Amino acid sequence: MIPATATAITPRPAPAPPPADPLWRAAQALETGFLSELLRLSDPGAPGGGFGGGAGEAQFRSFLFEAQAERMVAAGGIGLAQRLYAAMAGDGR
């Protein structure tokens, strides 16, 4: 019998490039767009009944998804910006 041992693998966070780097800002913008689109596609829509926001809610919903995606990226995102930055920088980071 092989004893079961649990080992925690903690990923090492990649060092973030300087915020003034235009490639880094572009990578973050791409991740924001990607996450915003994912949020839009996963939206179940307005709730049924009389508690929906009407036409205004439908028109401004995209702004909500964009703001949520921006906050997600600012909090570290899903790691897509780091990979995009490394690919655009071409230095194999």
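F63 counts as exposed, at 54% relative accessibility. The model is predicted.

**Exercise 1.** Classify F60 as buried or exposed.

*Solution.* Step 1: take the cut-off, which is over 50% relative accessible area for exposed. Step 2: F60 has 53% relative accessibility, so F60 counts as exposed.

**Exercise 2.** State how many aromatic pairs the structure holds, then describe the geometry of W24 and Y85.

*Solution.* Step 1: the structure holds two aromatic pairs. Step 2: in the pair of W24 and Y85, the ring centres are 5.8 Å apart and the planes make 85°. Step 3: planes over 60 degrees apart count as edge-to-face, so W24 and Y85 are edge-to-face. Step 4: W24 sits in helix α1 and Y85 in helix α3 (residues 80–89), so the pair ties together parts 61 residues apart in sequence. Step 5: both W24 and Y85 are buried.

**Exercise 3.** Classify the pair F60 and F63, and place it in its helix.

*Solution.* Step 1: the centres of F60 and F63 are 5.7 Å apart, with 35° between the planes. Step 2: this pair is tilted. Step 3: both residues lie in helix α2 (residues 54–74), three residues apart, so about one helical turn separates F60 from F63.

How values were computed: Residues are numbered from 1 along each chain as its sequence is written. This is a predicted model: local features need pLDDT of at least 70, side-chain atom pairs count only at pLDDT 80 or more; totals for chains, interfaces and linings use all residues. Side-chain values use heavy atoms; hydrogens and water are left out. Rings of Phe, Tyr and Trp (its six-membered ring) pair if their centres lie within 6.5 Å; planes under 30 degrees apart count as stacked, over 60 as edge-to-face and the rest as tilted. Helices (H or I, at least four residues) and strands (E, at least two) are DSSP runs, numbered from the N terminus. Buried means under 20% relative accessible area, exposed over 50%, partly exposed in between (1.4 Å probe, protein chains only).
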